[in-house]
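Please keep the structure in view while reading.

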Number of protein chains: 2
Amino acid sequence: MKIAIIGLGLIGGSWGLALKEWAKSEEGKTAGLEVVGFDAKGAQRHEAERLKVVDFTVQTPMEAVKDASVVIVATPVVAIRETFEDIAAVLMNGAVVTDVASTKRDVIRWARELLPTTVSFVGGHPMAGKTASLEEADSTLFKGCTYCLIPASNAKEEAIDAVTRLVEIIGAKPHFIDQDEHDAYVAAISHMPFLSAVTLVNLATSSEGWREISRLASTGFQDTTRLASGSTQMWLDICRTNSDSIISWLDRYQDQLSSLRAMVEMAGLRDEQGRSRSIESTNPEPLKSYLEKARDGRDKIELAKQQQRKEESFETVPMPSKQEMRGEMSRLFTGGIFNRRKKDDQK
Amino acid sequence: MKIAIIGLGLIGGSWGLALKEWAKSEEGKTAGLEVVGFDAKGAQRHEAERLKVVDFTVQTPMEAVKDASVVIVATPVVAIRETFEDIAAVLMNGAVVTDVASTKRDVIRWARELLPTTVSFVGGHPMAGKTASLEEADSTLFKGCTYCLIPASNAKEEAIDAVTRLVEIIGAKPHFIDQDEHDAYVAAISHMPFLSAVTLVNLATSSEGWREISRLASTGFQDTTRLASGSTQMWLDICRTNSDSIISWLDRYQDQLSSLRAMVEMAGLRDEQGRSRSIESTNPEPLKSYLEKARDGRDKIELAKQQQRKEESFETVPMPSKQEMRGEMSRLFTGGIFNRRKKDDQK
C-alpha cells in the first residue's frame, strides 16, 4: 500500500515517521507500506530525505499521488486548493484523500469542487501543537491527541474507516465533528490564543521601553506567547479561511476585556492618574470572581485532558492476530483503495 | 546569621531551599546561617517543616524576625502591609527587609510609612514563574532569572549590597530598576499575559459549546492559559496594586485588537455572515506584517533570553578564599546586620 504525503513540515513529517514506525509492526508489514513525500520546496524535500521522515521523495505532487491508496495533504490551508487542482486528474480510482489543516469549511468545499467523485475526501485536523519545523517531526507527536475528522458528504464508508484506522495507528483519538462547529470551536481554543499571543508581543515590542521590558520577560510571558513564533504562512491562511469565526470571537473577547477593565478599576488601589485610593472605597469581589472562574475553568479542562490521557493508556489499540489483521485490512482497503500489492498478498 | 522568611509559598519556600543549599558551602558555613519561617496558615507551616524548606518555623511573624539580620517577606502583596505593621516594633536595629512582590510602588510606600528608620528596605521581585504551590519549591527556581531590586530611598548602602549578594547567592541576576518603571513594565510583560489568559479561558468556558470546545484544547491552549491557574489571591493583589498601569495597557491592548480585527476582515476569505469572498477582493498584507512583526519580536526576546543565560553560565559567581570571604561577609553584614554569632566567629 502506498501513502503519499504532500507538504513535509512538522505535521507531514510526523505523519511520515509514525507511519514508518507502524510499517515495522506485523500489521504494517502485512500492508506492505510505502510512504512517498512531496514538498514544493526542494530544500524541504532534501531535509525530509536526510531526516528519513518518508521512504523517498518525488519532484511533483502528481508523481507522489500516482497509485497511492491514501493521500495526506499537509500544506498550509490555502495551498490545499492548488494541490487539489494539481492531483485531481492523477488520483487513483477509490483513493482516500485527507488533510491536516486547522480550518475545514473551505477545504471541504474545495474537495467537492475540485476532486473527482471517484475518490473520497475525509478532512482531518490533529489537535497537536508544537513549533512548526520539520526538524521537530516526531513519530509520537500525535500520541493521545484528539484528531478531528470531517468526512465530505459523499465520502465512502470504507474511506472513513480507513482514515479512522490510520489515525488510531498513529496513536491519536479520532473525533468526528461537523465542519461549522469545528471552525467555530477551534477559533476559540486555538486561533484566539494565537491572536492574543501575537498582540501581547506587539504590545510589548512596540512600546518605547521594550528593551527594558524584554529583560523582565520570564517563563510566564514566554509560555503565553509561544504560539506567536509559529509559521506566519500557516497562521495567515488560518485567519483568512476562518475570518468570520475569528471576528465573532474577537468581538466577544473585546467585550470581556471591557468588563474586565471595569472590574480592575473597581478593585484598584490606584486611580487612573496613579494616586492611591483607600482600600475601603474599592470593591475587589467582581474581579475576584472573574479570576476564580478562569482558574476553575482551566483546571477543569486540564483535568479532563488528564482523564482523557489516562483512559487512553488503558485503551491501547489491541494487536490483532494475523488472521484478524488480514480481515481488518481488507475491510478497510477494499475496492480501489486496496492496491495491487495487497491483493497479491491475499491470494 | 539569622534570615527570616514570612510567607511560605513557592517563592518563600524556594528562597529557603536556596539559602539552605548555600549554608552548606564554605561561605555559608562561615556565615552560620539559620533560616526561620513563618506563614499565617498553620497547615502551610506544617508543610514547610515537612518539606524542610526552612530550618524551623515559628508561630508569629514577630518571633520570626526577632534577631534576624535579613527578613524576606514573601506573602501576597496586600498582606505585606499587615506584616510590616506586625514586625515594625520587633525588627533588629540595622536589619534588612526585602520582599518578593510583583508590584512595588505600594510596598515601597508601606515600608516608608510603617517600618522604623533603623532598618533598610530593599524591594525585590524575582522574574521566575511557575504554578504557585509550596510543593514545587525548588532551590534552583531563581537560577539565571532577572531579579528586580528597588531600594527605598533611605536604604543603607550595605543593606543594598547585602540583598544584592543574597540574590547572587541564589543564582539570580540582580537588576536595579525604578519603582514606576517596574510597575509599568511588569504590567506589560506579566500582568497583561495573565489577564489575557484569564479572559481566553472565560471566553471558552462561558460559551454554550464549551464541553465540546474543551475536547479540542491542545498544548497551545494549555500553554497560553497556564497563568490563569495561578493563585487567585496573589493575582488579585497584583491587579489591585497596579490597577492604573494595567488599565493603561488594557486600553492599548484593546486598540491593537481593534486594528487586528480590521486586518482579519480585510484578509478574510469569508464575510461576517460566513459567505465565501473571492481571493482577489481580499488584502492579506497588513495582517501578514502584523503576524511577522510578532514572530520576529518574540524570537528576539527569546534570543536575548538565551544570550543572557549563556552569559550567566560563563559568569559563575567566583568562590572567594576564606580570607576574602570574611572580608566580604563583614563588608555586607556590618553594624546591626552583623549578628552575635557572626561576631563570635570573627574574634
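## Secondary structure and burial

The model is predicted. On this basis, chain A has 15 helices and eight strands.

Chain A holds 347 residues, and 52% of them are buried. Take the contacts in chain A between residues at least 6 apart in sequence: 74% of these join residues at least 24 apart.

## Two domains in chain A

The domain assignment divides chain A into domain 1, made of 2–177 and 317–346, and domain 2, which covers 182–311. Where they meet, 15 residues of domain 1 of chain A are in contact with 15 residues of domain 2 of chain A.

On the domain 1 side of this contact in chain A, at least two residues each come from helix H5 (77–87), helix H6 (105–114) and strand E7 (146–151). Sorted by class, that side of domain 1 has seven nonpolar, five polar and three charged residues.

## Contact between chains A and B

Chain A and chain B each bring 91 residues to their contact. Which elements of chain B give two or more residues to the side that touches chain A? They are helices H8 (179–205), H9 (210–215), H10 (219–224), H11 (232–241), H12 (243–267) and H13 (285–314) of chain B.

H8(B) gives the most to this side of chain B, with 19 residues. By class, the side of chain B that touches chain A consists of 42 nonpolar, 27 polar and 22 charged residues.

Note on methods:
Residues numbered from 1 in each chain as written. Chains lettered and ligands numbered in written order. Predicted model: local features only at pLDDT ≥ 70, side-chain atom pairs only at ≥ 80, totals over all residues. Helix = DSSP H or I, 4+ residues; strand = E, 2+ residues; numbered from the N terminus. Buried ≥ 20, exposed ≤ 12 C-beta atoms within 10 Å, placed from the backbone. Contact = placed C-beta atoms within 7 Å. Domains from an automatic or database assignment. Nonpolar A, V, L, I, M, F, W, Y, C, P; charged D, E, K, R; others polar.
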